[in-house]
Amino acid sequence: MKQQLPLELAQSLALSKDVSQLQFHQLLQNISDDPQLKQFAPDGICQIDPRNGNLVIYNSARAKRVHTTAKPSHHQNDTQCPICEGKSADILDIAEHSEGFTFINKNLYPIFHPIQDIPQEEADYFLHQDPEHQGRASYGFHLLQWTSSLHDKDWQNLPYADALISFERLAVLEKNLLCQPTDFMARSETQLNQEVVSGYVSIIKNYGASAGASLVHGHQQIAYSNILPQHFFNNLRFRKRHNKSFSQYMIEENPPELLIKDYGEWQLLVPYFMKRPLDMLLILKDADKRYLHQLNQDEQQQVVLGLQQAIQAILALMEQMNILPAYNMIINNGPGCGLYVEFLPKTQMMGGYEQIGLFVCQDNAAHSAERLREYINAAD
């Protein structure tokens with residue numbers, strides 16, 4: 001019998017089966033009042049490293065997580081998955097696959113949580129002055145998308161049509177958060193089509209313990225917040241400095257021999273400044289689009305294929321390198337950004353030099369691109 005979360009159990013935990021049909025004020029009230037989330041609520045304070053603008057948010061309660069306090073084991077125990085057992089916060093969205101389903105729920109250990117009566121200036125990024133260094137407020141939501149209800153399924157081994165459904169639900173959630181009609185978040189930008197966007201949605205994936213994944217069951221983390229992580233703020237600054245997005249710059253300037261695959265509307269490539277072997281960028285050619293929910297059908301289909309092939313290559317090639325597979329995936333969206341996905345495999349440890357911004361890489365970009373290209377071409 002396959003290890004999975006039964007659909008009937010998920011439906012019994014569902015606050016909603018379609019997040020687009022859930023009124024934003026209902027979601028806000030539900031998250032604000034949830035006693036489980038309050039138990040592990042963050043401190044609500046953010047500090048900024050004045051050297052580089054990195055943001056630090058504080059959540060003392062996360063030290064009480066089961067996955068933080070559990071004694072380390074040499075053997076990972078997959079037989080007691082809390083997700084498959086239905087030990088989940090309220091579910092906000094369910095979409096069935098050919099087998100199993102994908103679903104979105106609240107994170108029981110949030111890094112952001114709603115705070116009432118926030119001054120307007122606290123929601124305006126980098127405008128609030130804090131001479132006493134007491135910190136500025138950080139608030140919002142922290143949600144999770146489980147790629148599949150089946151324990152052993154994730155992007156790399158889901159049927160393509162099922163992976164496309166999971167991606168579509170992620171895009172729907174992104175739009176629902178950014179385009180909400182309340183004043184909970186300050187406006188972050190107005191798009192070319194006059195779509196008003198409020199707050200910031202950060203989407204990341206951790207796979208493998210060395211990449212920060214505390215659970216084996218495959219998932220994405222979605223943070224909706226009043227603060228923009230420095231990495232994404234850098235995308236905005238790049239556009240302002242160069243009068244073009246970073247994604248457009250990379251398509252124009254990255255050497256052609258570092259292209260892994262051209263999907264039509266997307267390109268998968270190794271960046272010329274590769275910091276670690278097998279680093280990749282999956283870049284949308286239309287630099288005017290900045291969010292997942294702006295993608296048309298062809299663009300959605302191509303990015304899902306690119307995601308699957310990039311992740312499959314990382315896992316296979318890391319095993320060939322005798323390294324336990326692990327990676328971070330970052331969806332770069334937001335103001336000023338040209339949409340792109342970043343894959344950061346844990347192919348090398350971080351040392352002291354890397355901590356000061358001097359990366360020593362054990363491979364070169366051309367060789368990595370050749371290995372990745374050969375693997376993906378052979379798998380096609």
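D18 counts as partly exposed because its relative accessibility is 26% (partly exposed lies between buried, under 20% relative accessible area, and exposed, over 50%, with a 1.4 Å probe and protein chains only). The model is predicted: local features need pLDDT of at least 70, side-chain atom pairs count only at pLDDT 80 or more, and totals for chains, interfaces and linings use all residues. Residues are numbered from 1 along each chain as its sequence is written, and side-chain values use heavy atoms, with hydrogens and water left out.

**Salt bridges**

- The count is 13 salt bridges, each defined as a side-chain nitrogen of Lys or Arg within 4 Å of a carboxyl oxygen of Asp or Glu.
- D18 and R169 form one of them, with the closest N and O atoms 2.9 Å apart.
- This pair links distant parts of the chain, 151 residues apart: D18 is in the loop between α1 (7–12) and α2 (24–33), and R169 is in helix α5 (residues 160–178). Helices (H or I, at least four residues) and strands (E, at least two) are DSSP runs, numbered from the N terminus.
- R169 also forms a salt bridge with D93, where the closest N and O atoms are 2.7 Å apart.
- Since D93 lies in strand β3 (residues 91–96) and R169 in helix α5, the pair ties together parts that are 76 residues apart in sequence.
- R169 counts as buried at 17% relative accessibility, and D93 is buried with a relative accessible area of 1%.
- Salt bridges link D18, D93 and R169 in a network.

**Helix α6**

- Helix α6 (residues 230–242) has 13 residues and reaches 18 Å from its first C-alpha to its last, close to the 18 Å expected at 1.5 Å a residue; the expected span is 1.5 Å times one less than the number of residues.
- Its buried residues are Q230, F232, F233, N235, L236, F238 and R239.
- The cover over the buried residues of α6 includes β9 (200–207), α7 (246–253), β14 (327–332) and β15 (340–345), where contact means heavy atoms within 4.5 Å.
- N243 follows α6 and has a positive phi, near 60 degrees.

**Sheet**

- Three strands form an open sheet in the order β2-β1-β5, with antiparallel pairing; two strands pair if DSSP finds at least two bridges between them.
- β2 (55–57) and β5 (136–137) are the edge strands, each pairing on one side only.
- Strand β1 (residues 45–48) is joined to β5 by two bridges, and C46 has R136 in β5 as its bridge partner.
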